[in-house]
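This briefing is for a reader new to the structure.

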Amino acid sequence: MEKNVLIIGGTGKMGQWFANFFKYKKFKVKIYGRNPVKTKKIAKSLGVDYSLNYVEDVKNVGMVLVSTPIEVTPKIILEVAKNLKKGAILFDVASIKHDVLPALKKAEKFGIHTLSLHPMFGPGAKSVKDKAILTIPVTRKIEVLKFVLKPFLDSGAKIVWVKDAKTHDKMVALTLALPHFLNIIFGKTLSTSGFNIKKIKDFGGTTFNLQLILAESVVQEDPNLYASIQTQNKYFIKVMEELFNHANNLKKIVLNKEKEKFSKFFLETRKFLAEDPEFKNAYKKF
Ligand SMILES: NC(=O)c1ccc[n+]([C@@H]2O[C@H](COP(=O)([O-])OP(=O)(O)OC[C@H]3O[C@@H](n4cnc5c(N)ncnc54)[C@H](OP(=O)(O)O)[C@@H]3O)[C@@H](O)[C@H]2O)c1
């Protein structure tokens with residue numbers, strides 16, 4: 001298998017991250033971007049080649065990575081698949097898989113090999129050591145999976161095999177959409193309190209300070225990506241309903257000053273979280 005990769009969306013945040021990563025792993029890297037001036041400039045700064053016409057250029061490469069916004073990824077996958085040579089590899093890194101997996105399955109009909117990755121880290125990651133990469137294999141060819149995943153495994157990444165798009169989207173509704181949602185609401189609630197953040201911080205304790213770090217990090221991310229992560233994941237609707245259900249129950253308990261019910265709610269939550277092997281260390285880390 002040829003160690004060359006063309007990255008569509010290679011001018012974007014994750015595209016650039018992957019360009020650097022594959023370059024470091026001795027791949028010949030080409031990035032595609034729609035704006036020639038911007039693409040040439042970024043390619044130069046990364047020290048990689050560029051493409052201004054992916055439909056043409058994918059014909060000559062062994063591997064294509066689609067790193068474009070979630071909504072356009074399925075369309076690009078199908079466009080690329082038609083033009084790839086037989087036996088080539090195509091994969092994406094989109095954060096929601098509902099529409100991506102059917103496109104990758106269709107793409108396999110063109111005699112290519114496909115798989116879907118979701119790196120559980122952002123473009124700021126300095127290394128992949130101990131970082132999870134959710135992986136949905138479409139191809140059954142073990143040598144293809146090994147070829148794509150080896151560079152990540154060699155650098156200490158943790159490959160988490162995922163059965164299908166439904167499992168992926170259900171789980172990331174809990175691990176991405178839910179914490180993003182809670183942290184945005186936390187920040188928003190502070191913003192309507194009538195106090196400025198500096199004043200609020202003066203009164204902050206350990207829990208508040210940690211929560212603030214999380215909220216401040218979340219709101220520095222790309223609002224378009226974060227909107228997609230919440231609006232494109234159909235399983236997040238159920239999670240939001242559960243969240244509001246629990247919030248309303250706890251609100252009633254608090255308003256009615258029902259201390260016993262509060263303890264029950266609290267201890268039930270503790271019992272669930274205590275199953276985490278890291279549970280005992282949590283307070284120490286905190
Ligand atoms: N950022 C993260 O933390 C993160 C983490 C894991 C996975 N992901 C996934 O990675 C993918 C890319 O995310 P990102 O954060 O890198 O986004 P990004 O910075 O906005 O980059 C996406 C790139 O795609 C290109 N693009 C946009 N619309 C396009 C279209 N219609 N056709 C062709 N190219 C188009 C744009 O490049 P040009 O305008 O130069 O063509 C843009 O730079 C997404 O699917 C996201 O879910 C992101």
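Twelve residues of domain 1 are in contact with 13 residues of domain 2, contact meaning heavy atoms within 4.5 Å. The chain's domain assignment places domain 1 at 4-162 and domain 2 at 166-255; such bounds come from an automatic or database assignment. The model is predicted, so local features need pLDDT of at least 70 and side-chain atom pairs count only at pLDDT 80 or more, while totals for chains, interfaces and linings use all residues. Residues are numbered from 1 along each chain as its sequence is written, and side-chain values use heavy atoms, with hydrogens and water left out.

**The interface between the domains**

- The C-alpha centres of domain 1 and domain 2 are 30 Å apart.
- Between them, domain 1 and domain 2 bury about 1,000 Å², of which 67% is on carbon and sulfur atoms; buried area is the accessible area (1.4 Å probe) that two parts lose on being put together, summed over both.
- On the side of domain 1, E71, I96 and H98 lose the most area to domain 2, together 40% of what that side buries.
- Five residue pairs are in polar contact between domain 1 and domain 2, both residues at pLDDT 80 or more.
- A polar contact is a pair of N or O atoms within 3.5 Å; within protein, one must be able to donate a hydrogen and the other to accept it, and residues adjacent in sequence count only if both atoms are side-chain atoms.
- The side of domain 1 that touches domain 2 has six nonpolar, three polar and three charged residues; Ala, Val, Leu, Ile, Met, Phe, Trp, Tyr, Cys and Pro count as nonpolar, Asp, Glu, Lys and Arg as charged, and the others, Gly among them, as polar.

- Helix α10 spans residues 223-231; helices (H or I, at least four residues) and strands (E, at least two) are DSSP runs, numbered from the N terminus.
- In α10, Y226, S228, I229 and Q230 are buried, that is, under 20% relative accessible area (1.4 Å probe, protein chains only).
- These buried residues pack against α7 (165-191), α9 (206-218) and α11 (236-255).
- D222 caps the N-terminal end of α10, with a side-chain oxygen 2.9 Å from the backbone nitrogen of N224.

**T68**

- T68 is in the loop between β4 (63-66) and α4 (73-83).
- The relative accessible area of T68 is 15%, so T68 is buried.
- T68 touches I8, G9, T73 and I76, leaving aside residues up to four places away in sequence.
- The side chains of T68 and T73 make a polar contact (3.0 Å).

Technical notes:
Buried means under 20% relative accessible area, exposed over 50%, partly exposed in between (1.4 Å probe, protein chains only).
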